[in-house]
Amino acid sequence: MLKRIKQLLERNALAVAIFITLLVTLLSLISLNGIAKINVSNSDKYGHFIAYFTLGASWLYVYRSRFNRWLYIVASLIVFGMVLEVLQGTLTTYRTADWHDEVANASGVILAYLVSYLWFIKREN
């Protein structure tokens, strides 16, 4: 059963990465006023970190056999996060751009890179 799940993920990795990208984009630009708030200091930063860790891990998995492209993917995702932050501040009236969010986004992508690197290098040896 696990082998089938792995094969399904491998065959659909690109579709999953695209879906996560669209989901992060949507969640970054819609109003979240109706969503229950968590009473934890800087809880939205944890959300940004988790979202971009997942986004980074999904794209790095798509290109898991092409380590030479990973730095381009990491850089692209960090720029993607910056663009979304600018769009939040310019296109919406209910969201604001925050450089702390961008730090959380970039940190999530960088951790995804480190975890993926260790995971796939360990598997190759």
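This is a predicted model: local features need pLDDT of at least 70, side-chain atom pairs count only at pLDDT 80 or more; totals for chains, interfaces and linings use all residues.
Glutamate 102 sits in helix H5, which covers residues 99-124.

Select lysine 45 next. Lysine 45 has a relative accessibility of 16%, so this residue counts as buried. The salt bridges in the model come to three, and the stops below go through them.

- Aspartate 44: the closest N and O atoms of the salt bridge between lysine 45 and aspartate 44 are 2.9 Å apart. Aspartate 44 is partly exposed, at 36% relative accessible area.
- Aspartate 98: the side chain of aspartate 98 meets that of lysine 45 in a salt bridge of 3.1 Å, N to O. Because aspartate 98 lies in the loop between helix H4 (70-91) and H5, while lysine 45 is in helix H3 (residues 43-62), the pair ties together parts 53 residues apart in sequence. Aspartate 98 counts as partly exposed, with 22% relative accessibility.
- Aspartate 101: here the closest N and O atoms of the salt bridge with lysine 45 are 2.8 Å apart. Aspartate 101 belongs to helix H5 and lysine 45 to helix H3, so this pair ties together parts that are 56 residues apart in sequence. Lysine 45 and aspartate 101 are both buried.

To finish, show Asp44, Lys45, Asp98 and Asp101 together: salt bridges with shared partners join these residues into one network.

Methods
Residues are numbered from 1 along each chain as its sequence is written. Side-chain values use heavy atoms; hydrogens and water are left out. Helices (H or I, at least four residues) and strands (E, at least two) are DSSP runs, numbered from the N terminus. A salt bridge is a side-chain nitrogen of Lys or Arg within 4 Å of a carboxyl oxygen of Asp or Glu. Buried means under 20% relative accessible area, exposed over 50%, partly exposed in between (1.4 Å probe, protein chains only).
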